Every structure is written in structure tokens, then in C-alpha cells.
Amino acid sequence: MKNTIISALALAVLFTACKKDKTITQPADPNAFNVSVSGKIVSVKNLPADTIVGLVGGQPVGVGKYSFFNLRTNTWVANTDSASANWDLAFSGSTIRINAGTSGPAAGGAFVWVGSFDNLATIPADSVFKTDNYPAYAITKGSGKGWYSYDGATNLLNPIPGRVLVIKTANGKYAKVEILNYYRGGVTPSASATDEVKTSEQRYYTFRYTFQSNGSTTF
Amino acid sequence: MKPTVSLFIAAILTGSSVLAQGQRIYRPEDTTRAKELNEVVVTATRTERKLTNVAVPVKLIDQRTIQQAGSLRLRDILQEQAGLYMTNGFGAGVQMQGLNPDYTLIMVDGEPLVGRTAGVLDLNRVAVGNIRRIEIVKGPSSSLYGSEAMAGVINVITDNSFKKRLNTGLRYGFGNPDEGWALPGSRKSFDNLDFSLQGSTTIHKIGIQFFSNANYLDGVSFRPFSTERVPQPIWRLTNQLQLNYRISQRTKASFSIRHAYDHIKQEFAVSNNGAVTNSYGREANKDLNSSGTLVHQFSDKVKTALRLYATAYNGSQVLKFREIPDSVYDDEFRQHFYRAENQTDISWEKATLTLGAGYAVDQVNSTRYDEVSSRKQNTIGYGFAQYDWSPSEKFTVIAGIRYDDNKLFAAAVSPKLALRYTVSKKLSLKASAGRGFKAPDFRQLYLNFTNNAAGGYSVFGSIDAVKIIDELNRLGQIAEIREDYSKLKQLTPEYSTGLNAGGTYTPVEPLSITFNFFRNDIENLIDAREVAVRSNGTQIFSYINVKNAYTEGAEMEVRWEWKKFFQVNAGYQFLYTADKADLKKIRSKSVFTRDENGYSRLLERREYSGLPNRSRHMLNLKFCYDDQSFFATFRAIYRGKWVVSDADGNGLYNSHDEFADGFVLFNLSAGRQFKNGIRLQAGMDNALNYRDVNNLPNLPGRMFWLGAQFNLIH
């Protein structure tokens with residue numbers, strides 16, 4: 001009898017242990033929106049940016065909404081806050097707006113710096129921050145001109161490696177941003193994937209950034 | 001009709017035509033090695049020369065090789081040659097020394113084939129049943145042949161022995177790309193039928209020879225759950241008639257007319273951003289070539305040949321769309337090319353001087369330019385000279401130059417120098433340097449094409465691009481003018497400077513090693529660039545002379561023979577290519593890629609892959625047993641991986657991009673030659689059933705075939 005109880009207990013412990021183990025090792029959903037901080041670097045995964053809902057005139061379209069992001073608080077901001085200084089970047093398709101000019105009420109700014117993220121230690125003194133002036137944007141739209149390159153043959157969009165978005169935030173501080181991927185899960189589909197896959201997986205931003213809260217231009 | 005045509009007809013009526021090139025007699029009883037030593041080539045110098053005495057890299061493929069492999073089309077046999085790669089878009093093109101198909105001149109009996117689509121001349125257009133041999137000359141050959149001969153020349157020489165004979169050949173092939181082993185008639189299997197009839201005779205000094213071929217290849221459905229058939233079902237017909245008349249001991253006339261017809265049934269779906277358009281219809285291509293030659297031997301020393309050539313190519317495509325019932329896509333392309341040429345050879349004991357001059361008219365009508373009734377025309381006047389000097393048996397020097405005066409573009413001067421030196425019985429060396437060019441084609445000048453099936457982008461030829469874009473801009477339909485717009489101007493020819501150096505080493509008699517190192521510097525390459533963007537976001541492209549590139553590498557062929565029956569052939573090509581603008585960007589440290597975390601870092605020079613769709617390594621291997629009554633072959637073709645798309649988005653191709661897998665094809669054949677003139681053959685192509693739907697859409701799976709040839713009169 002005693003033995004049975006001990007066995008039962010042991011089994012119960014084992015089961016509990018197993019259960020606990022399972023919850024610990026369960027991997028995070030690679031397709032879920034996620035923000036993680038490691039030292040000075042903040043990583044954002046799967047920020048949807050007006051994902052495709054259907055076709056209009058043969059062209060894939062979303063509902064036309066932006067996703068607003070605050071680089072100071074590391075949060076995805078509600079669309080109702082769009083007219084505030086509560087956001088720094090807004091994403092919709094391949095368009096990235098900043099909180100300035102025709103896009104928002106704050107006095108933000110941005111430019112695209114060529115080089116690797118780590119090598120941008122201090123923003124060069126002669127840098128010129130641009131603002132959004134619809135239909136032009138501080139982060140220039142168009143393949144090969146701003147942050148991405150689009151390949152018409154494969155119908156795939158990739159961030160150009162070696163492009164850093166230098167951002168003046170809504171409160172006048174500085175941040176550097178590197179866009180890492182444009183597809184769900186942070187992986188660009190293969191060139192041979194179907195158009196259906198390429199369409200449904202696109203418009204999910206994976207990026208990393210460093211925000212300098214003390215107002216200096218050195219990260 | 002054009003004056004050239006009248007002249008041409010006059011020449012035919014007076015019986016003054018001849019097939020000038022390639023009057024060599026083929027002896028099947030010769031052993032391979034002996035045969036090779038005696039083989040004569042005409043393409044390298046435009047005069048008959050022993051293969052062993054030619055100073056430029058030349059490869060010969062003889063009739064027996066073609067027959068044993070069971071090849072039906074020119075593509076089939078060329079893909080088994082080391083260093084030649086068959087490209088896939090717009091038919092099967094040939095990539096030679098790493099240069100695109102645009103830059104290899106394809107000739108039948110010394111006269112060029114016309115009718116290229118996007119620069120590609122589909123090698124499946126040429127049936128090989130009546131071919132006596134194929135001569136492949138590598139390296140720039142514009143000094144003799146003018147435009148297009150930038151990478152090299154492939155000259156297909158038809159059989160014209162005019163002996164009394166009549167043979168017929170029949171071949172049936174079948175396969176199933178999914179299982180590889182299915183019997184004909186079962187679901188998803190495909191068939192390939194080929195029939196040919198060939199005969200020749202000589203009546204009252206008039207040699208007559210004809211060839212007729214019909215080929216049908218079923219469409220193959222690769223993709224599961226898809227009715228789309230890749231390749232599409234295709235019919236091909238070829239007819240050729242050749243006449244030869246010896247007017248006197250010194251004068252010979254010949255005439256040839258060749259007609260080829262392809263009919264492709266089309267049914268395919270184009271998916272653009274998830275919107276699928278189902279198209280169905282047909283493509284038809286007609287090719288008509290006629291040539292007349294008159295050769296006169298003035299004396300032992302002086303020989304002259306007058307060659308007249310007229311060719312017409314007509315390609316058309318009619319498509320309807322299931323989703324848009326009233327819309328019809330009707331595409332037509334017609335090209336006419338006429339040429340008159342004289343070549344005179346003056347021979348001394350140790351030297352030959354070749355002088356030539358000619359005039360050509362090239363015309364194109366296409367719905368892709370404007371109206372099909374509107375004709376675009378270029379005229380070319382040219383002259384060439386070549387001095388071929390052999391001060392001793394051991395040493396040959398060839399110097400040549402050609403001048404091409406184009407009405408539409410700048411003139412081109414193409415020099416060439418080649419040397420050959422026999423060091424010893426075991427080793428001979430050769431080296432050559434030459435310049436080649438390719439004139440801009442009509443497409444690059446006049447194209448006016450909007451691809452509504454693929455998103456609505458447009459391509460405008462350089463002549464009208466500025467005018468069209470300015471007009472669109474005036475109408476407020478242009479969102480943006482790109483930087484390259486300012487570079488639009490009159491196109492000039494593309495140039496290459498090629499160096500080839502190599503030789504043949506024969507350590508012991510049945511073993512020989514042929515090697516060659518090459519480098520081609522290509523300047524002024526015409527590239528399609530985005531010049532403007534419409535308000536609706538669609539791109540506008542045009543052509544600009546912008547790119548500079550190079551290809552370099554080494555090729556080697558090893559041949560070994562055992563007791564005249566057994567032969568091994570191994571060929572290898574190593575290739576490096578680069579776009580010089582890419583190299584400059586890498587040097588200036590402005591190109592990045594991503595590390596394993598997806599973070600940007602500088603791209604290193606060693607990671608650069610060069611031009612797309614090229615393999616660094618290509619290998620061909622062939623084992624052949626042939627005792628004149630029984631033969632068997634095993635052929636392997638290897639092509640290393642090649643880059644297909646810029647996956648890391650940095651604008652150039654590197655080791656972090658997407659590559660197509662390297663692959664191996666095994667082809668087998670065996671046959672028996674009977675005394676009564678019957679030959680029975682069987683084979684298996686692509687024995688490993690290798691397929692790659694995305695990167696090799698035209699490669700069907702494993703195919704079995706059975707063939708028979710009968711000599712009806714012999």
C-alpha cells in the first residue's frame with residue numbers, strides 16, 4: 001500500500017515535472033508579434049503592416065491602415081493615437097512614415113545611412129534629417145532608393161543590407177533602426193514559392209533598433 | 001521585290017549556285033584518332049584546314065556521334081559538349097564561354113539563322129538528322145563573320161555527298177515525369193515521335209539531295225494538381241532540298257532551300273500577385289532559308305565563291321484568356337535577311353590570302369514594335385581580309401580584319417590574330433586574340449511592348465523611349481523619371497575582346513588532352529534599365545549601353561581510346577564571371593549582405609558570384625563502345641549550382657543568394673548495325689529522372705526511346 005502511494009506520488013511528481021518542463025521549453029510562436037530587449041538593442045518581430053486582405057484590380061491590397069510604433073516605450077501604439085506624439089514610426093506595406101511633416105504632429109525626422117548597424121556609433125554632425133512631405137517621404141519609397149529592393153522577376157521584397165534608418169523621434173531624441181525582414185516569421189519566401197504564399201506572408205516587419213534616451217547623437 | 005532577291009533568283013535560273021563550305025568526305029571506317037588527325041574544318045578560317053592545323057579552339061561533332069546519341073534536335077547534341085550550356089527562356093539557347101545566347105552566331109552551311117526572341121535563337125528549330133558534322137569555334141570570330149560572333153560560332157554542316165541512297169528513320173520515345181517508368185498511354189505519360197526520310201542521287205551531273213523530318217513532342221505535366229503542361233505539345237517539320245551542278249572542271253554551282261515549321265499548342269496560367277490568368281492558343285514559327293553558291297577555280301592558286309542567301313523567319317502567337325473572353329493577344333514577328341557575298345582565296349605554297357566583301361539587308365516587322373505593316377530596316381556593307389601563313393609545318397600565323405558599316409549604328413572594326421606552334425610530336429600550342437561585336441538588334445531599338453499579363457510593365461526601344469516617356473509625362477501619367485533616363489541615347493554595338501590560349505598534349509598515342517584558357521572582356525553591354533515609373537506604379541524600361549563584364553576560365557578535354565573499339569571522353573569547364581560595376585561597388589565597401597542573425601555586414605570579394613545563370617563547374621563524360629556492328633554509349637552531363645535570384649536584396653549576386661541545385665543527367669543508348677543497312681537503336685535519356693520544375697522547366701523526366709533506320713536504296 002505504502003509502496004503504491006509512493007509510486008503514485010512519484011508518478012504525480014514526474015507528471016508535474018514533465019508538464020512544467022513542457023511549458024518551459026515550448027518555443028514562442030515564430031509568427032507572433034514580439035518585442036524583446038537585449039542590452040541597448042530592441043528586437044521587434046512580426047509587426048503587421050496593413051497585411052493583404054484581397055485583390056483590387058489584380059493588385060493585392062490591405063485595408064489601408066498603418067501600424068504605429070513607439071521607439072521610446074518599445075510598444076505598438078493604437079491607431080486612435082495617430083494624431084499624437086505617442087509614436088515614432090508608422091508602417092503600411094513598404095511605406096514607413098515618421099512623426100513629422102504631412103504624416104504626424106511631432107517634429108521628427110529621418111534619413112537613410114549606408115553602413116552596418118554596429119558601425120553607426122555616432123550620427124555624423126553634417127547629417128540632414130528630412131521630414132515627410134506627401135507624396136515624398138523622409139524614408140524614400142521605391143525599389144533601391146530607400147530601405148528595400150523589390151525584384152519584379154521573383155515578386156519578392158527584401159530590405160537592402162547595410163541600410164540604417166536614422167530617426168529623430170517624436171520627442172526629439174535619436175534612434176537607429178535596421179529593417180531585417182518584410183515577411184512573416186522573418187524569413188523571405190523562396191523565389192519559387194507561389195504568388196499566393198508571397199502575397200499572404202508579406203507586410204510583417206522584423207527590425208531592431210537602439211534608442212538613445214539622453215538626447216545625444218552617440219548610441 | 002528587293003533587288004537582292006532578283007539577283008538571287010537570277011543566280012538560281014542561270015544555275016550558278018553552290019554550297020561552298022565543307023566539301024570534305026566522311027569515312028566512317030576510319031578510326032577515331034586517325035579520323036581526328038585528318039579531319040578538315042571550314043568555320044575557323046573560312047577555308048578548308050586540317051583540324052590539327054587550326055590556330056583557334058575548334059570542336060567537331062560528327063554524324064556518327066549524333067546518331068549514336070540518338071539526338072534529334074541541335075540542342076540535344078550540343079548539351080553533351082563540355083562548356084556549352086543550354087539556357088531555358090525563349091527556347092533553348094546556348095551559353096558559350098559564359099556569354100549569353102545573344103552572342104553566339106548559329107549558321108547552317110555557313111549562312112546565319114535569324115529570328116531570335118529576346119536574343120535567343122531556339123536550337124530546337126534545327127533538326128540534326130541530315131547533319132554531317134557540327135563545327136564549334138570558340139572565341140570572338142567577328143573578323144570573319146561580323147555581328148553576333150562575339151562568343152563564337154556554331155556551324156551546322158548538312159550532308160551533301162549526292163551518292164545514290166534513300167533512307168528512312170523512325171523513333172518513338174515515351175516517359176512519365178512522375179514515376180519515370182510508366183508505360184505509354186497511361187495517365188501523365190508523354191510521347192515523342194520522330195520520322196525522317198532522306199535521299200540523294202546524281203543525275204546527269206546534277207546532285208540532288210533531300211531531307212524531310214517530322215517530330216512531335218507531347219506536353220508534359222509536372223506540377224501536381226495542375227493541368228499546365230510544361231513543355232507544351234509541339235509539332236516540328238523540316239524539309240530541305242539541295243542541288244549541286246558541276247558546270248565544268250573548274251566551276252560548280254549549288255542551291256539549297258530549307259523550310260522549318262514549329263507549331264506549339266499553348267495552355268498556361270500566369271499568376272500575378274495571386275490573380276491567375278488562364279491563357280490558351282498557339283505559337284507557330286516558320287523558317288525559310290535559301291542559298292545559292294557559285295564557286296570557280298581560276299587556277300590552282302585562285303578560287304572565288306559567290307554566295308547569295310535569303311531567309312525569312314515568321315513567328316506568331318495567338319492567345320485568348322479564359323478570364324477576359326473578348327480579349328485576344330496576337331503577336332507577330334517577321335524577319336527577312338538577304339545577303340550577297342564574295343570570297344576569294346589566293347593560295348601560295350606557304351600562305352593563303354582570303355578577301356571578301358558583302359552586302360546585307362535585315363528587315364523586321366513586329367506587332368511588338370508598332371504596326372506589323374511598318375518595316376524596320378538595317379543595311380550592312382562589309383569587307384574582310386585574312387592572311388594565313390605557315391612558314392613551316394610547325395608554325396602557323398593567321399591575321400584577319402573585318403569592317404562592318406551599319407546604316408543604323410556605328411561601324412565596327414574586328415581584328416584577330418592567331419598563332420599555332422607544334423613543339424613536339426606530343427605537344428602543340430595555340431593562342432589567339434580577337435575582337436567581336438554584336439550590333440544592337442531591332443528589339444533594343446524599336447520595342448514598344450506592355451506586358452498586361454504580368455503586371456503591366458512596359459519596354460520601349462531606345463529610339464522612341466524618350467519621345468514616348470515625354471508624351472506620357474505631358475499627359476501626367478508619369479510618377480517618376482529615374483536616373484537612367486538621362487543616359488538614353490543612340491545605341492552602339494557591344495564589344496568583346498577575347499583571348500584564348502591552349503594546346504593539345506598527347507603523352508601516349510591513344511590518350512590526348514586538349515586544354516584552353518580563355519578571357520572575354522565585354523564592353524558597352526546593352527542592359528534593360530528602369531527609366532521611369534507610371535502614375536499607377538508600373539515600370540518603364542529601355543535599353544542603354546552601360547554594362548562592362550568579363551568571363552574567364554579554363555576548359556579541358558581528355559580522350560582515350562582502347563583497341564579502336566572503346567573510347568572515353570571527358571570534358572570540363574571552369575568559369576568565373578563578373579559585372580565590373582559590381583566589383584567596383586564591392587571595392588568601395590558599399591555592398592553589404594546579412595549574417596546568420598539577419599544583421600548587415602560588408603560583403604567580401606570572395607563571396608561574389610558574378611553574372612546570374614552561370615555554373616562555375618560543368619562536366620561531361622562519355623563512354624562509347626563501337627565495333628561497327630554493335631555500339632553502346634553512356635553519357636553523363638553535370639552542371640554545378642547557379643545563382644537564380646538576389647535573395648539578400650543587395651543588388652548583386654553572391655553566395656547568400658538563392659541558387660538552383662547542381663544536377664547530373666545520365667543518357668544511355670545502344671544499337672546494332674546490320675549488313676543489309678538496317679540499324680536498330682534504343683536508349684534512355686535522363687535515366688536518373690532528374691527534374692527541377694522551377695529552374696529547368698523544359699527538362700522532361702526520364703524518356704525511353706526505340707529507333708530504327710532503313711536504307712531503302714543503297
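Arg203(A) lies in strand β14 (residues 202–212) of chain A; helices and strands here are DSSP runs numbered from the N terminus, with at least four residues of H or I for a helix and at least two of E for a strand. The model is a predicted one, in which local features need pLDDT of at least 70 and side-chain atom pairs count only at pLDDT 80 or more, while totals for chains, interfaces and linings use all residues. Residues are numbered from 1 along each chain as its sequence is written, and chains are lettered from A and ligands numbered from 1 in the order in which they are written.

Asn155(A) is another residue with a positive phi that is not a glycine, with a value near 60°. Asn155(A) sits in the loop that links β10 to β11 (156–159) of chain A. With 20 C-beta neighbours inside 10 Å, Asn155(A) therefore counts as buried.

How many bridges link β9(A) to strand β12 (residues 163–168) of chain A? There are six, and the two strands run in the antiparallel sense. Within this sheet, Gly109(A) faces Lys168(A) of β12(A).

Chain A also has an open sheet of four strands, ordered β6-β5-β7-β8, again with antiparallel pairing. Its edge strands are β6 (75–77) and β8 (95–98) of chain A, and each pairs on one side only. Here the twist averages 30° from one strand to the next. Strand β5 (residues 67–70) and strand β7 (residues 89–92) of chain A run antiparallel and are joined by three bridges. Opposite Phe68(A) stands Ala90(A), a residue of β7(A). Taken as a whole, the secondary structure of chain A amounts to two helices and 14 strands, and 37% of its 219 residues count as buried.

Chain B has eight helices and 38 strands. Of its 714 residues, 44% count as buried. Its C-alpha trace spans about 75 × 60 × 55 Å along the principal axes. A compact globule of 714 residues would have a radius of gyration near 27 Å, so the 26 Å of chain B agrees; the radius is taken over C-alpha atoms, and the globule rule is 2.2 Å times the number of residues to the power 0.38.

Helix α7 (residues 462–474) of chain B has 13 residues, which at 1.5 Å a residue should span 18 Å, and its end C-alpha atoms are 19 Å apart, which agrees; the expected span is 1.5 Å times one less than the number of residues. Which residues of α7(B) are buried? They are Ser462(B), Ile463(B), Ala465(B) and Ile469(B). Among the elements that cover them are α6 (442–446), β24 (457–460) and β27 (511–534) of chain B. After α7(B) comes Gly476(B), with a positive phi near 75°.

Finally, the two chains touch. The contact involves 32 residues from chain A and 25 residues from chain B, with two residues in contact if their C-beta atoms, placed from the backbone, lie within 7 Å. On the side of chain B that touches chain A, the elements that give two or more residues are β14 (251–272), β30 (592–594), β31 (600–602) and β34 (642–645) of chain B.

Conventions: Pairing = 2+ DSSP bridges. Buried ≥ 20, exposed ≤ 12 C-beta atoms within 10 Å, placed from the backbone. Axes fitted to C-alpha atoms, helices over the stretch in contact; angles between N-to-C directions.
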